[in-house]
Amino acid sequence: MTSNLTTPAPALLLRGLRKEYASAGGPVRAVDGLDLEVARGEVVAVLGPNGAGKTSTIDMVLGLSAPTSGTVQVFGADPADVIAAGRVAAVLQTGGLLRDITVGETVALTAALFGRAGSPRPYLERAGIADLAGRRVGACSGGQQQRLRFAMALVGEPDLLLLDEPTTGMDVAGRRAFWAAIRADAAAGRTVVFATHDLQEADTYADRVVLVSQGRVVADGPTADVKSLASGRTVGARVDDAGERADVTARLRALDVVDAVDQRGARLLVRTSDSDLVARFLLTQTVASDVEVAGDNLEGAFVALTTTAPTTDGAHR
Amino acid sequence: MTAATTPTTPTAPTWGRTSRATGTARAVRTYVALELRRTLRHRRTLVFSMVMPPVLLWIFARQDVFATQSAGSGNVTAWIAVSMALYGAMVTATAGGAGVSAERAQGWTRQLRLTPLRPAAYVAVKLAAAMVVGAASVTVTLLVGWLGGASMPAGAWAACALLAWVGALVFAAFGLFMGYLLPAENVMQILGPVLALLAFGGGLFMPLGAGRWAAVAQLVPTYGPAQLAHVPLGGELTVAAVVNVVAWASLFAAGTAWRFRKDTARA
């Protein structure tokens with residue numbers, strides 16, 4: 001995308017982003033050449049297992065840490081400038097709250113820090129904690145504190161909202177209310193980027209999914225496209241004997257329709273474009289039992305894409 | 001990248017957004033007000049800054065002769081009252097600055113870095129709140145002293161109060177430095193006894209006399225503020241006292257700046 005007057009800078013632009021941390025066993029590469037562009041108004045899920053580099057990336061986007069190399073631009077500017085202008089807000093995983101002040105005071109202070117003059121009440125309501133306004137933060141449950149962080153992020157009326165595992169500790173109703181509020185904001189033009197390891201959440205609430213593994217993007221696109229990258233379905237089956245399992249694995253891999261075979265204990269996960277054929281093969285020509293066909297979901301794509309990603313120098317978290 | 005990206009213009013939320021300077025001023029005002037409310041809720045802080053100094057004053061100054069013995073332009077009770085006012089102000093200021101430690105441990109300072117508030121403004125807020133409470137502490141202690149028979153000229157009351165309060169700035173810087181330096185959740189458990197020792201060492205709790213100890217005492221951080229606070233009451237304005245205040249204030253401020261930069265650097 002070339003910059004000109006009619007196309008404003010993207011909400012987020014990461015190019016060749018790398019982050020290394022010093023450790024006793026030499027430098028650890030948490031982020032390893034990550035490229036990402038998020039247009040204004042998109043809702044993007046960054047999905048990856050723990051240690052994929054999601055939090056390290058968010059820290060760099062927020063200007064909390066500096067990249068080892070590569071560039072970070074938020075609305076075409078340096079993160080620090082965008083934070084100073086109050087255009088970005090974030091919900092972090094843990095901490096970040098004063099325990100001895102009330103929920104209402106926390107949101108009111110945050111509003112003032114963002115230069116907002118209005119009442120914090122509507123934000124407490126949107127986060128579903130209006131009834132907790134007078135409660136001390138230290139007396140709130142984990143889920144309530146998470147909603148408080150959300151209210152703090154909303155009250156700044158940011159153009160870009162970054163959420164790191166935002167629904168951790170929330171109950172089902174809380175999650176639903178949370179995502180309803182997020183979707184309403186996105187509909188009004190706000191850009192939302194959230195990191196999660198919950199496939200369901202990414203699948204349900206994001207327009208676009210970015211799969212991250214070992215510090216780099218392994219798939220990126222509309223949710224439906226990423227799903228189709230798995231080119232079909234996953235067939236699971238149990239083979240108890242290790243020798244038999246190796247034999248079955250080898251015979252499965254010889255089949256044309258099989259893309260990948262992954263082992264999870266005694267279970268084999270077979271990614272395939274023809275689940276019927278694989279299931280029939282497993283049941284009629286092998287000792288496999290408990291055969292299951294998993295639907296067309298992100299899990300399949302996730303397993304496929306993250307297990308086949310190349311490992312670089314063994315340096316990953 | 002496979003995503004079809006259609007740039008959309010976000011609806012710029014313009015309501016309630018004010019100019020940078022006005023916004024910062026209001027943010028700092030709101031924050032200082034909240035800090036003062038927090039202090040009022042902390043019973044232990046209140047005991048140390050509002051109750052302890054008058055109680056110490058009562059213990060030290062209860063001998064009746066002190067009310068009749070003159071010291072400079074006032075009586076001995078007044079002299080002790082000024083000492084205790086400074087002690088209260090310095091404990092209060094240290095506690096206020098050291099509060100940074102717990103807030104760092106709770107991730108609050110990190111959260112603040114995600115807001116437009118400048119990190120230096122946060123330090124200013126902590127300093128301002130500490131000094132407001134410090135002023136209250138000085139006022140309460142001197143008031144109790146007055147009720148207990150302290151006597152000095154009106155101008156000396158005001159000047160001593162002001163100097164005791166300003167002297168506490170050295171300890172606000174000390175508290176900030178320790179707050180950034182020490183990882184402990186409750187730094188004051190360490191600093192409280194340290195301050196009491198410094199108060200003894202600097203001659204706040206008892207006269208220094210003229211021995212070898214009096215010479216060493218000139219190096220203690222409480223010495224300078226203690227000397228200066230008593231000047232309006234007839235105390236001697238010495239070069240050693242001024243150098244002491246300037247040197248310790250600079251040292252603590254530099255230490256704070258050093259740790260502060262480390263803390264707010266992009267790692």
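This is a predicted model: local features need pLDDT of at least 70, side-chain atom pairs count only at pLDDT 80 or more; totals for chains, interfaces and linings use all residues.

Trainee: What makes β1 of chain A and β4(A) a pair?
Mentor: Strand β1, residues 12-21, is joined to β4(A) by five bridges. The rule asks for at least two, so β1(A) and β4(A) pair, and they run antiparallel. For one spot to look at, find Arg18(A): opposite it, in β4(A), stands Ser69(A).

Trainee: In which order do the strands of the open sheet in chain A come?
Mentor: Three strands line up as β2-β1-β4, with antiparallel pairing.

Trainee: Why are β2 and β4 of chain A called edge strands?
Mentor: Because β2 (28-38) and β4 (69-74) of chain A each pair on one side only. Neighbouring strands here are turned by 20° against each other on average, direction ignored.

Trainee: How do you know that helix α1 of chain A packs on the sheet?
Mentor: Contact needs heavy atoms within 4.5 Å, and α1 (residues 54-61) touches β1, β2 and β4 of chain A. The direction of α1(A) makes about 115° with that of β1(A).

Trainee: Which residues touch the most other members of the largest nonpolar core?
Mentor: Tyr31(B) and Tyr122(B), out of 62 residues. Members must be buried, under 20% relative accessible area, so both tyrosines fall below that cut-off. Helix α5 of chain A (residues 142-155) gives the most to this core, seven residues.

Trainee: What does Tyr122(B) contact beyond its sequence neighbours?
Mentor: Among others, Tyr31(B), Trp108(B), Leu112(B) and Tyr180(B).

Conventions. Residues are numbered from 1 along each chain as its sequence is written. Chains are lettered from A and ligands numbered from 1 in the order in which they are written. Side-chain values use heavy atoms; hydrogens and water are left out. A nonpolar core is a set of buried Ala, Val, Leu, Ile, Met, Phe, Trp, Tyr and Cys residues joined through side-chain atoms within 4.5 Å. Buried means under 20% relative accessible area, exposed over 50%, partly exposed in between (1.4 Å probe, protein chains only). Helices (H or I, at least four residues) and strands (E, at least two) are DSSP runs, numbered from the N terminus. Axes are lines fitted to C-alpha atoms, for helices over the stretch in contact, and angles run from 0 to 180 degrees between N-to-C directions. Lists of a residue's contacts leave out its neighbours within four places in sequence.
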